[in-house]
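My notes follow the display.

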Amino acid sequence: MPTNDVVPIYTLAEGCPVADPTTAQRVGNSPVKGLILLQDTQLIETLAHFSRERIPERTVHASAAGAWGEFEVTHNNSHLTSAKFLNGIGKRSKVLLRVSTVGPERGHAETVRDVRGWGMKIFTEEGNQDFVFNNIPVFFVRDPIKFPSLNRSHKRHPATNLPDSTMAKPYSFHNNNQEGIHALMILFSNRGIPASIRHINSYSGNTYKLTTENGFVYAKIHLKSDQGIKNLSQDEANRLAGENPSHNTADLYNAIERGDYPTWTMYLQVMTPEQAENYRWNIFDMTKVWPHSDFPLQPVGKMRLNRNPTNYFTDIEQAAFSPSTMVPGIAPSADPMLQARMFAYPDAARYRLGVNYQQLPCNAPVSEVYTPYQRDGAFRYNSNYGGDPNYVRSSFRPIKFEGRVGANGYAPGGHEEWVGLVAGYSSEVTDEDFVQAREMWKVLGESNEQDDFVHNVATHLKSALPQVQLETINMFKRVDAVLGSSIKSVLSSHI
Ligand code: HEM
């Protein structure tokens, strides 16, 4: 593509210059010209390409904004991880960030009460490191097989194609899968509708391993907004949904354009294998936080967004993030959600973008890639390794091997014996699942936000079926009896 200071010459897709992009070749020499010709490549190419402009939108997290930036190390982390991009105070790596809502389709109003997703690609000297996080520290399910059901329950009704504004369907899911109560309480608290992308935190939720030559620790990763947390009330969100449905995109884009670059500080919570074995909560249960009082936040570095996409489609829509994209020094734990996610995202990307999606400019690592045992495939557009051997252990071309034996996520001394033997498993909900939600209810009391919470839930529930209302009230009673009866009395006042 010519640079901006060169006046481009218009051509067809294969380079043929054409004098006028608005002409079509037609039959007839009278003023009434009709009948288009099949030989008119300009017209046919233009129409055919237009019909193919869309690629499948993401099944979840379809609607998003994004930007480029950089990550800088601010603390010594060498005792925790050998990841090179996390070592050396002052070291900087390029970053691509995509922040999404989860449920709605592309183009939907962005001020919905919904979790915000955080797709962050760090381009390091050892390949890409993706952090695919959410703006809430816990999740609605801990058994990965429930994930498609969770999401469909928040999407349009299969018969009417209407969004479920009564929340009957989503609440029916949550009432019958109550392990998600803590996440639900966050979503319906005043933290449920972020005022902008610049004002959210981001949490791994999943438990990772950080590795060094000496072993590993378990870790959860947090990024805290240096702009602080800001949220919208339901009324304000409703107003913006009408007046400025792309509010989040506009806020981020305009801030970066005016040089008001948002930053986040990255922290770790770290746990030894021994601490994990003795901890009150299952550290692979995504519905639980590790309270900061038990495992304090340790600062690591800073992320700054400083460049808008030059083209939304090429930079953000074609971006593909995956929890399986890791550098040496970061590894998966036995966390079942993380393990399932490591399959799901590259699988989705191969479907959405094609098998060579890692070669797209927004996804391609800045470090050298040499993977000659992955060849060909649709839309291969690098050199495809020319005539290099396409089979392993060839004697014809020497290759250096510097990585560890095993997968990229290999962790020495993996602690696998602690996890135990293979068994079919579906988790049961117990009273223990309500403990952290109850703590949160108390915290909302300290900040005088309990009434708002009751109002937020009741507003969404007021036109749900009586049976769904009752189940929901009973679920919140398990958090706190007063909470359940408050929702009940607000709902009765609506009848
Ligand atoms: C077993 C549970 C989960 C499964 C199977 C799953 C699967 C998926 C899939 C298939 C996509 C669409 C990817 C694409 O089309 O490119 C996606 C997007 C996403 N998911 Fe999940 N997900 C799960 C749980 C989670 C959790 C727990 C988080 C956060 C902690 C999360 C954060 C995200 C984000 C941020 C995106 C958008 C990535 C982007 O910007 O491209 N997901 N997920």
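The entries below go from the whole chain to the ligand shell and then to one strand.

Entry 1, overall. I note that this is a predicted model. I counted 14 helices and twelve strands in the protein. I looked up the extent of the C-alpha trace, which spans about 85 × 65 × 45 Å along its principal axes. Buried residues account for 37% of the 495. Of the contacts between residues at least 6 apart in sequence, I find that 73% join residues at least 24 apart.

I looked up the 27 residues around the ligand; His61, Gly117, Gly119, Pro144 and Ala348 come nearest. By class, I have 16 nonpolar, seven polar and four charged residues in the shell. At least two shell residues come from each of β4 (92-101), β5 (116-124), β6 (127-134) and α9 (336-353). The largest share, eight residues, belongs to α9.

Is β4 largely enclosed or open? I find eight of its ten residues buried, so β4 is largely enclosed by the rest of the structure. I then checked its partners. β3 (residues 64-73) pairs with β4 in the antiparallel sense over nine bridges, and on that side glutamate 70 stands opposite lysine 94 of β4. β5 also runs antiparallel to β4, joined by eight bridges. There I noted leucine 96 with lysine 121 in β5 as its bridge partner.

Note on methods:
Residues numbered from 1 in each chain as written. Predicted model: local features only at pLDDT ≥ 70, side-chain atom pairs only at ≥ 80, totals over all residues. Near = placed C-beta within 6 Å. Helix = DSSP H or I, 4+ residues; strand = E, 2+ residues; numbered from the N terminus. Nonpolar A, V, L, I, M, F, W, Y, C, P; charged D, E, K, R; others polar. Buried ≥ 20, exposed ≤ 12 C-beta atoms within 10 Å, placed from the backbone. Pairing = 2+ DSSP bridges. Contact = placed C-beta atoms within 7 Å.
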